[in-house]
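These are review notes on the structure shown below. Please read them alongside the coordinates.

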Amino acid sequence: MRRRHLLGAGLAIAVAGMAGSAMAQSEIKIGEINSYSLLPAFTEPYRKGWQLAVEEVNAAGGINGKKLVVISKDDGGKPADAQTAANELVSSENVAMLAGTFLSNIGLAVSDFANQKKVFFLAAEPLTDAITWSKGNRYTFRLRPSNYMQAAMLVEEAAKLPAKRWATIAPNYEYGQSAVAVFKKLMSEKRPDIQWVDEQWPPQGKIDAGPVVQAVAAANPEAILNVTFGADLVKLVREGNTRGLFKGRSVVSFLTGEPEYLDPLKDETPEGWIVTGYPWYDIKTPDHDKFLKAYQAKFNDYPRLGSIVGYQTIKAAAAILAKANSTDPEKLIAATEGLSMPSPFGEITFRKIDHQSTLGAYVGKTALKDGKGVMVDSVYRKGADYLPSDAEVAKLRPKD
Amino acid sequence: MAFYFAQFLTGLASAASLFLVASGLSIIFGVTRIVNFAHGAFYMLGAYVAFTLTERFSGALGFWGGIVVAALVVAVVGVLVEMVLLRRIYHAPELFQLLATFGLTLMVQDIVVLIWGPDDLLGRRAPGFRGAVDFFGQNIPSYDLFLIALSPVVLGVLWLLFQRTRWGVLVRAATQDRDMVAALGVNQKWLFTSVFALGVFLAALGGALQIPRDAVHHALDLRIIVEVFVVVVIGGLGSIIGAFVAAVLVSELNAFGILIFPKISIILVFLVMAVVLIVRPWGLFGKPEAAARRTPGLTVTPWRPLAAGERWASLGALILAAMLPLFAGNYALTVGSEIAIYVIFAASLHFLMSVGGLASFGHAAYFGLGAYGVAFLAKAAGLPMIVSLLLGPVLGLLGAAVFGFFAVQLSGVYFAMLTLAFAQIVWSIAFQWVSVTGGDNGILGVWPDKWASSPANFYWLSLGIAALVVAVLRVIVFSPFGFALRATRDSPLRSEAVGINGKRVQWTAFVISGTAAGIGGALFAYLKGSVFPDSLGISLSVDALVMVLLGGVETVSGAVIGAIVFKAANIWLVSQTDLSKLVLGGFIVLMVVAFPKGIVGRLEAIWNRRRSSEDKKSALATSRVEVAE
Amino acid sequence: MSMVPTLLSVQNLSKSYGGVHAVRSVSFELRAGEILALIGPNGAGKSTCFDMLNGQNIPDSGRITLLGEDTVGRKPRAIWRLGVGRTFQITATFPTMTVRENVQVALVSYGRQLFNLWGSTAQFARNEAGRLLDLVGMGAYAGRPCGELAYGDLKRLELAIALANQPKLLLMDEPTAGMAPRERIELMRLTARIAREKSIGVLFTEHDMDVVFEHADRILVLNRGSLIAEGSPEEVRGNPQVRAIYLGEGLVYDARHREGAGA
């Protein structure tokens with residue numbers, strides 16, 4: 001058994017080596033980095049997404065006649081390794097731009113690298129606001145709706161709830177902390193009457209869900225904000241269901257409607273949570289239909305949100321490279337700022353002011369259907385509507 | 001009141017799974033002295049196999065049968081691992097088995113994804129234990145009650161096994177004195193194998209029993225392994241009852257701690273361990289370890305400084321390395337710089353581990369402190385690179401001075417675990433103190449000054465500093481201080497009896513080692529242009545251990561080779577394949593089997609065997625002279 | 001005799017463990033150049049007594065005056081600095097070093113160079129180490145790995161290490177344990193010779209009565225923690241109480257038998 005896998009790995013190396021050597025002048029290369037080995041559950045659909053995009057771009061004639069090639073590297077979930085990979089892509093592979101990353105700290109590390117080495121970087125998935133605001137730089141753009149945008153979309157719904165006593169549960173790191181901070185700030189602006197009665201900060205990936213659920217229940221909130229995800233979310237939901245934490249309480253939850261997080265909950269999916277996510281089964285737009293058909297045809301699987309992000313990252317990169325008609329980073333920046341393009345979610349624009357795309361997210365409620373978790377009553381929220389005013393953004397972002 | 005009772009029960013339920021896994025680890029360690037890093041991997045395998053079985057076979061029998069069969073299946077895997085791999089390396093230097101089990105852990109992480117896929121899996125709920133019991137308005141999951149009842153049962157069964165069976169008596173005897181059991185003519189091989197099987201069974205059972213409450217995924221092992229080590233150490237190595245009490249203690253402290261300090265979980269177990277070890281150096285129920293007897297036949301070849309020829313050869317190798325920029329590109333140079341930095345880091349741990357006999361499991365703390373030192377100086381104080389590079393490691397020095405003071409009061413695995421605790425405490429400060437350290441988003445923009453910014457210049461800088469650090473450490477090894485340090489390692493009794501203040505010598509060595517690590521960290525900050533809590537983290541500490549063990553812990557500078565081989569393989573594999581963990585783990589396992597004394601250790605052994613055959617002739621001559629007298 | 005200074009003075013030394021008196025009000029003195037044996041059956045309190053003298057154990061009460069200094073509560077290393085060399089029942093040496101380096105470590109410590117990070121140990125007091133090794137007959141082994149030595153040689157090496165600080169007093173815990181009879185005699189003759197030459201006081205515990213009666217100037221007999229006899233070998237041998245104790249162990253007979261055989 002072990003030998004077979006070793007063989008497989010050896011083959012993978014050989015194939016990768018061959019791919020690297022097959023270079024040609026008629027190619028444009030994009031260097032792509034993500035946490036494939038650490039977070040396969042999220043990065044596999046993402047990879048499928050960008051693979052589909054590469055196929056489509058090249059089928060449509062490539063970029064101004066040149067073939068698009070994506071060279072993909074694993075960062076093992078470590079910022080330092082991501083930089084090594086970025087360096088290899090830039091120095092050895094001579095890629096035209098960097099793209100990808102999932103974790104916020106890795107996104108920031110690559111963004112800082114890009115700034116230092118003057119390389120164009122399109123951050124795909126990291127959510128941290130810092131990447132476009134407090135630590136933003138001219139070489140970095142970001143596709144996915146940020147932490148702030150997700151919070152703003154949720155607050156809009158949460159503020160309509162009658163609940164006045166709120167508790168929060170969030171993973172104890174920057175993402176969780178800033179998600180809670182933004183949510184609290186926006187929520188308190190809209191509803192000065194609410195009270196924050198408890199906060200729980202389990203360590204990311206290591207939640208001891210029983211005591212956490214018990215502690216939140218003891219504070220007797222009327223509503224709960226959840227920021228945990230992945231395996232932590234599963235444990236939280238299971239304990240919460242068994243202990244009746246969610247009974248009679250509203251729950252607002254970041255990202256839980258994304259299939260990556262919702263699907264593992266299977267028949268234990270809690271109903272009625274207000275979530276951001278991606279109800280691929282419910283989106284009936286031509287843009288999305290086209291994407292969905294192509295994806296299902298190619299992979300015989302349904303897309304996750306990562307698939308959308310991966311797909312759109314490469315689509316956006318191709319659009320940028322085509323418009324710039326150059327690999328010069330300055331020209332790429334100029335081409336990207338203000339660039340609009342279609343996406344499975346409709347038209348999006350890369351803002352000039354903070355390099356954030358206006359890709360939005362779906363907000364809806366969780367429900368159980370045929371023993372599976374789904375999002376219902378979902379509405380697409382455009383990213384552009386959930387960003388602060390330009391004056392505020394200008395204050396948040398350092399001058400280039 | 002009902003709430004507090006419910007919280008107490010919840011804590012007990014958390015303790016149950018921790019106890020099952022910890023008891024297995026403790027038993028294995030007690031008898032075989034193996035620091036079984038793969039214990040978490042067996043836990044995870046237990047959960048995965050149980051998931052498959054319980055999905056396949058329905059009904060209550062399918063579920064409970066599936067749980068038990070899963071644990072048995074994984075125990076069989078454990079037996080195979082013990083027989084095929086570990087048996088070959090029981091006589092390797094202390095902690096070498098850690099390297100093998102670490103390699104296994106890496107492999108298993110990729111293997112489970114290949115077999116079960118990347119998605120989180122939701123296991124079945126236990127039949128008959130789906131709901132909750134109402135206790136004065138508090139809902140207590142009935143499965144929690146089952147777990148709470150189970151752990152004393154397991155404790156009782158283990159107790160009977162150890163007290164009432166011949167096998168148990170042998171296990172207890174072996175825990176106290178391994179050599180004695182060997183002397184009694186007991187078949188030690190099968191005793192070890194059976195103990196390993198039992199330990200793995202308990203780990204896998206602990207994992208299997210989690211499927212109704214947890215998601216099954218490929219990071220389960222890392223989530224539990226460190227915590228389990230901590231529990232075992234708090235309880236006292238080899239003590240089952242200690243593991244039980246410690247599991248309850250940690251879980252209850254967590255359950256009630258989060259009511260007052262919701263952010264405590266991330267650091268709690270390490271705080272508890274640090275306090276326990278400082279107050280009770282052998283854990284709550286542990287006994288002072290008998291002075292570690294060195295395996296006979298080990299390291300009879302004393303160290304010696306390089307001979308003139310070897311010195312020239314080293315210089316030649318250095319010059320060759322310095323010529324890299326003449327033909328290599330920027331990427332290769334940056335990788336070269338990274339390897340040079342890891343050489344510094346590995347050499348610093350090697351100094352502490354092989355010269356001082358103190359294996360630190362938290363050496364990244366000083367590396368990371370050096371890196372953060374630079375980041376603070378360069379970013380906050382805006383100092384130029386030279387100054388930051390010189391002063392940054394001072395933070396590593398200070399950290400080593402403070403933590404080292406406490407750590408050197410202990411020895412062996414307890415020392416290792418206290419260093420781990422300190423490293424985790426530093427890590428969680430860096431992780432949580434967002435306003436100062438930027439939390440996990442780190443400190444960005446720590447780029448080198450212009451003179452050092454080109455990859456070639458930075459490479460020369462790193463190479464030069466690495467060569468300097470390695471050379472200085474070597475000089476110290478053969479200095480009077482180095483001998484005092486080795487004397488303390490070899491025989492605490494004798495060194496005390498010739499006036500050596502062992503603790504002070506070790507403390508000094510700790511500070512030297514921490515400072516050297518800090519120098520590596522300082523360079524690392526400039527290489528990467530940023531600092532993240534990762535550079536203080538467990539995985540970096542483990543990397544350092546792996547590099548030292550791979551090079552050969554009984555050599556003077558084996559870590560240099562260990563670092564070059566490990567880091568180069570690591571960077572190359574991560575770049576070439578998503579299955580880098582599988583390949584790297586396999587590589588490590590192969591190296592362990594092929595080079596049980598490490599790469600350099602093995603080469604030296606071959607070299608010495610050649611020499612000693614020449615020496616023997618002269619030795620014979622000497623003894624003849626004596627007889628003649 | 002009264003001109004010879006007192007090296008060690010022990011007064012009313014007591015130690016008990018959980019109500020069991022391991023050592024009970026033991027007093028004795030030791031003079032420079034004198035070889036004093038501490039004997040007694042197993043469990044008599046010899047080891048406890050010894051450990052209190054060398055600082056590994058702290059007495060419940062009593063005084064220990066070593067070279068004019070009260071040493072109760074001092075660490076072994078501090079007692080060593082006063083000029084006390086010691087050997088162990090099971091040899092304690094540095095197995096990963098050469099024979100010479102073993103001695104050099106002690107010399108480094110004696111020269112207060114322990115925290116010298118820069119010098120070369122190989123050259124440190126090399127001659128002095130060689131001289132000490134020659135003294136114990138180990139000169140030819142200087143470059144050999146300590147881990148390869150036979151047990152008797154290890155004992156001699158230990159003696160060389162113990163002499164490195166130019167001690168006034170040697171504490172030897174069963175110096176001949178585990179050695180062949182011929183080696184025992186040799187080692188003790190060597191020790192006695194060195195002691196006389198350098199006027200070093202020696203206190204040793206010993207099970208082998210041959211060794212004791214041949215080499216000790218004076219003998220202390222401990223039984224159940226108390227000193228029951230003290231005197232020259234002849235006096236002790238004739239002491240009926242001692243005979244009673246030792247008859248139980250058959251050692252007196254054994255000793256005489258072997259003494260006869262040896263002569």
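Predicted model: local features only at pLDDT ≥ 70, side-chain atom pairs only at ≥ 80, totals over all residues.

1. For the complex, the predictor reports an ipTM of 0.90 and a pTM of 0.89.

2. Confidence in chain B. The average pLDDT of chain B is 89, and 94% of its residues score at least 70. By element, helix H23 (residues 502-528) of chain B has the highest confidence, at 97, whereas helix H27 (residues 599-628) of chain B has the lowest, at a mean of 64. Two stretches call for caution. Residues 293-298 of chain B have a pLDDT below 50, and the model gives this stretch four contacts beyond near neighbours in sequence. Residues 621-629 of chain B also stay under 50, with one contact beyond four places in sequence.

3. Confidence in chain C. Chain C averages a pLDDT of 87, with 92% of the residues at 70 or above.

4. Which chains touch. Two pairs of chains are in contact, and chains A and B share the most contacts. Chains A and C do not touch: 34 Å separates their nearest C-alpha atoms.

5. The contact between chains A and B. Chain A and chain B each contribute 66 residues to this contact. On the side of chain B that touches chain A, helix H1 (residues 2-32) of chain B provides the largest share, seven residues. That side of chain B divides into 29 nonpolar, 24 polar and 13 charged residues.

6. The contact between chains B and C. Here 38 residues of chain C meet 29 residues of chain B. On the chain C side, the elements giving two or more residues are helix H2 (76-81) and H3 of chain C. By class, the side of chain C that touches chain B has 21 nonpolar, twelve polar and five charged residues.

7. The sheet in chain A. Which strands make up this sheet, and in what order? Five strands of chain A form an open sheet in the order S2-S1-S3-S4-S5, with parallel pairing. Strand S2 (67-74) and strand S5 (140-142) of chain A are at the edges with a single partner strand each, so one side of each has no neighbour in the sheet. On average, neighbouring strands of the sheet are turned by 25 degrees against each other, direction ignored.

8. Strands S1 and S2 of chain A, and the helix on them. Strand S1 (residues 27-34) of chain A runs parallel to S2(A) and is joined to S2(A) by eight bridges. In one of these, Gly31(A) has Ile71(A) of S2(A) as its bridge partner. Helix H2 (residues 40-59) of chain A packs on the sheet and touches S1 and S2 of chain A; the direction of this helix makes about 165 degrees with that of S2(A).

9. Helices H7 and H8 of chain A. The axes of helix H7 (residues 209-219) and helix H8 (residues 230-243) of chain A come within 9 Å and cross at roughly 55 degrees. H7(A) is therefore oblique to H8(A), and the crossing is right-handed. Among the residues making the contact are Val212(A), Val213(A) and Ala217(A) of H7(A), and Leu236(A), Glu239(A) and Arg243(A) of H8(A). The contact has five nonpolar, three polar and three charged residues.

10. Helices H2 and H9 of chain B. Helix H2 (residues 39-56) and helix H9 (residues 220-235) of chain B pack with their axes 8 Å apart, at an angle of about 135 degrees. H2(B) is therefore oblique to H9(B), and H2(B) passes H9(B) in a right-handed crossing. The residues in contact include Tyr43(B), Met44(B) and Ala47(B) of H2(B), with Ile224(B), Ile225(B) and Val228(B) of H9(B). The classes here are nine nonpolar, two polar and one charged.

How values were computed:
Residues numbered from 1 in each chain as written. Chains lettered and ligands numbered in written order. pLDDT = per-residue confidence, 0-100. Pairing = 2+ DSSP bridges. Helix = DSSP H or I, 4+ residues; strand = E, 2+ residues; numbered from the N terminus. Axes fitted to C-alpha atoms, helices over the stretch in contact; angles between N-to-C directions. Contact = placed C-beta atoms within 7 Å. Nonpolar A, V, L, I, M, F, W, Y, C, P; charged D, E, K, R; others polar. Parallel < 35°, antiparallel > 145°, perpendicular 65-115°, else oblique. Left-handed = near helix turned anticlockwise from the far one by under 90°.
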